[in-house]
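Here is my note on this chain. Please read it beside the model.

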Amino acid sequence: MSENRIEIQPDQHIEYFESNTALMVSMNQDGEKNVMALDWKEIEQRGEGFIIRTQVAYSRYTYKLLTEGLKEFTINIPSEKISHAISITGSYSGRNTDKFQKAGLETIPGVSSKVPTLKDCLLNYECKIVETRKSDLSSHHFFYGKVLKAFASKEIL
Ligand SMILES: Cc1cc2nc3c(=O)[nH]c(=O)nc-3n(C[C@H](O)[C@H](O)[C@H](O)COP(=O)(O)O)c2cc1C
């Protein structure tokens with residue numbers, strides 16, 4: 001675990017979650033990871049836990065990994081230090097580009113998930129996919145992730 005962050009409840013500091021583009025990390029069955037920029041996300045309480053709802057277009061490599069790869073993902077809210085990664089991860093595809101290398105992104109091994117989180121973020125969430133649903137936007141799909149762990153950078157505490 002990165003020393004620069006502490007574990008939080010998923011509903012703490014959600015103003016940063018709501019007002020920033022996220023970097024979503026997914027992984028195939030062989031452990032190959034990918035990252036993409038994600039604006040369409042919401043967090044909601046369900047029972048005793050929290051769910052992050054994401055909308056991912058069918059055309060994304062991320063969609064393929066979420067449906068055919070591990071049933072987990074991480075949501076990472078970048079700090080200013082890695083804000084350049086949003087345009088890189090949101091314009092190149094993991095089909096033919098190692099976006100971690102291209103954007104200089106470093107990872108932290110997941111605590112409750114096999115999918116890593118990203119360093120230099122304000123918030124990290126490790127999620128397990130519990131539901132998928134077709135979106136009203138015909139080109140997108142909802143992925144609902146139950147939050148297993150949430151972390152906040154000491155920068156915002
Ligand atoms: C600021 C920003 C926000 C984005 N939000 C979403 C989103 O919420 N859902 C989505 O499917 N694509 C979104 N995209 C587009 C994907 O990030 C982009 O198509 C990316 O290249 C897909 O990568 P992949 O093929 O490796 O999955 C966004 C792009 C940017 C720049």
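In what order do the elements of the protein chain run from the N terminus on?

1. Order of elements. The elements run β-α-β-β-β-β-α-β-α-α-β-β-β-β. That is 4 helices and 10 strands. Both are DSSP runs numbered from the N terminus: helices are H or I with at least four residues, strands are E with at least two.

2. What you are looking at. This is a predicted model, where local features need pLDDT of at least 70, side-chain atom pairs count only at pLDDT 80 or more, and totals for chains, interfaces and linings use all residues. Residues are numbered from 1 along each chain as its sequence is written, and side-chain values use heavy atoms, with hydrogens and water left out.

3. Overall shape. The C-alpha trace spans about 40 × 40 × 30 Å along its principal axes.

4. Burial. Of the 157 residues, 50% count as buried, meaning under 20% relative accessible area with a 1.4 Å probe, protein chains only.

5. Contacts. Residues 24 or more positions apart account for 66% of them.

Definitions and conventions: Contact = heavy atoms within 4.5 Å.
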